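Open the model in your viewer and show it as a cartoon.

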Amino acid sequence: MSNVLRPYLAAVRSTLTAALTLENFSSQVNILHTVLSLLLMFSKVVERHNKPEVEAGGSKEVLLNPLTISRNENERVLIEPSVNSIRLSIKIKQADEIERILCHKFTRFMMQRAESFIVLRRKPVPGYDISFLITNTHSETMLKHKIVDFIIQFMEEVDKEISEMKLSLNARARTVAESYLVAFST
């Protein structure tokens with residue numbers, strides 16, 4: 001980890017570790033599901049289902065204050081804790097248009113394979129590039145420090161991956177331009 005990122009990632013690590021005190025919490029609100037059957041509407045009441053409260057947003061008393069950890073205006077993390085879940089959204093550094101395109105393609109690639117990553121959401125929170133949803137079942141079945149390590153490692157590696165892709169793209173563009181210009185020089 002570079003010395004520049006160390007304080008930022010340490011703040012994310014300590015905040016995420018503190019927020020990972022999740023417990024089983026059945027929903028307090030009856031959720032109405034409407035089913036259209038033979039042109040008649042029936043509603044089915046579902047009670048005491050364990051839904052991620054940060055996603056459902058049914059009652060404000062189970063949502064904790066969201067925290068934003070910002071390295072600069074282009075690189076920040078939003079941690080939205082609740083009683084039984086945490087939504088972690090990451091805004092990845094994008095200095096120019098090439099990095100913006102590469103970041104979009106990379107995060108889209110990851111989100112299409114969200115089921116393989118278990119805690120990754122398919123759709124990010126608006127204003128962020130990628131989001132994770134950690135529920136109480138994840139914290140019960142996985143080691144909490146390993147979940148935090150995965151998130152921190154992801155944040156370290158995504159910058160490296162995008163930088164490597166940008167270097168590779170520039171090298172490829174240089175090679176193509178050189179081969180194209182050789183045709184005109186002879």
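**Whole chain**

Of the 186 residues in the protein, 37% are buried (under 20% relative accessible area, with a 1.4 Å probe and protein chains only). This is a predicted model, in which local features need pLDDT of at least 70, side-chain atom pairs count only at pLDDT 80 or more, and totals for chains, interfaces and linings use all residues. Residues are numbered from 1 along each chain as its sequence is written, and side-chain values use heavy atoms, leaving out hydrogens and water.

Colour by secondary structure: there are 6 helices and 6 strands, taken as DSSP runs (helices H or I, at least four residues; strands E, at least two) and numbered from the N terminus. Their order along the sequence is α-β-β-α-β-β-β-α-α-β-α-α.

**Helix α6**

Select residues 144-185, which form α6. Its 42 residues should span 62 Å at 1.5 Å a residue, and the end C-alpha atoms, 61 Å apart, agree with that; the expected span is 1.5 Å times one less than the number of residues.

Next, show the side chains of the buried residues of α6, among them I147, I151, F154, V158 and I162. The buried residues of α6 pack against α1 (6-19), β4 (75-81), β5 (85-91), α3 (97-112), β6 (130-135) and α5 (136-141).

**α3 against α6**

Which residues of α3 meet α6? They are I98, E99, L102, C103, F106 and M110, where contact means heavy atoms within 4.5 Å. On the α6 side are F154, V158, E161, I162, M165, K166, L169 and N170.

Note on methods
Buried means under 20% relative accessible area, exposed over 50%, partly exposed in between (1.4 Å probe, protein chains only).
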